[in-house]
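Please work through each task with the sequence and the coordinates at hand before reading its solution.

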Amino acid sequence: MIGTPTRLSDNTRVRNAASVFGEQHEALRAQKGADLFEVLVCDRNSTDETAPLALDDAGSQDLKFVVAAATSGRTSR
């Protein structure tokens, strides 16, 4: 097996969360003794800076970004 696999995924649905996004993501990264995890940020048509903030962090090892559909609570991808 190459590398260490991610053990957990946190699926976070957001809408207009720019004011708290950085703080929340940093708090997840700062956890001590947690299993390896990834954060899947599903943006639900934010009109603030949520998407650009998430996209800036998306290159990090633990954050992925997708655009979620605003209907039926289902993701578009």
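**Exercise 1.** Determine which residues Asp43 touches, not counting residues up to four places away in sequence, and describe the surroundings of its side chain.

Solution. Step 1: contact means heavy atoms within 4.5 Å. With residues up to four places away in sequence left out, Asp43 touches Val14, Thr50, Ala51, Phe65, Val66, Val67 and Ala68. The model is a predicted one, in which local features need pLDDT of at least 70, side-chain atom pairs count only at pLDDT 80 or more, and totals for chains, interfaces and linings use all residues. Residues are numbered from 1 along each chain as its sequence is written, and side-chain values use heavy atoms, with hydrogens and water left out.

Step 1: Asp43 belongs to strand S2, residues 37-43; strands (E, at least two residues) and helices (H or I, at least four) are DSSP runs numbered from the N terminus.

Step 2: Asp43 is buried but has no salt bridge. Buried denotes under 20% relative accessible area, exposed over 50%, and partly exposed in between (1.4 Å probe, protein chains only). A salt bridge requires a side-chain nitrogen of Lys or Arg within 4 Å of a carboxyl oxygen of Asp or Glu. The nearest side chain of opposite charge, Arg15, lies 7.3 Å away; Lys and Arg count as positive, Asp and Glu as negative, and His and the chain ends are not counted.

Step 3: the Asp43 side chain makes a polar contact with that of Ser46, at 2.4 Å. Such a contact is a pair of N or O atoms within 3.5 Å; within protein, one must be able to donate a hydrogen and the other to accept it, and residues adjacent in sequence count only if both atoms are side-chain atoms.

**Exercise 2.** Which residue other than glycine has a phi near 65 degrees, and where is this residue found?

Solution. Step 1: the residue is Asn45, whose phi is positive. Most residues other than glycine have a negative phi.

Step 1: Asn45 is found in the loop between S2 and helix H2 (50-57). At 38% relative accessibility, Asn45 is partly exposed.
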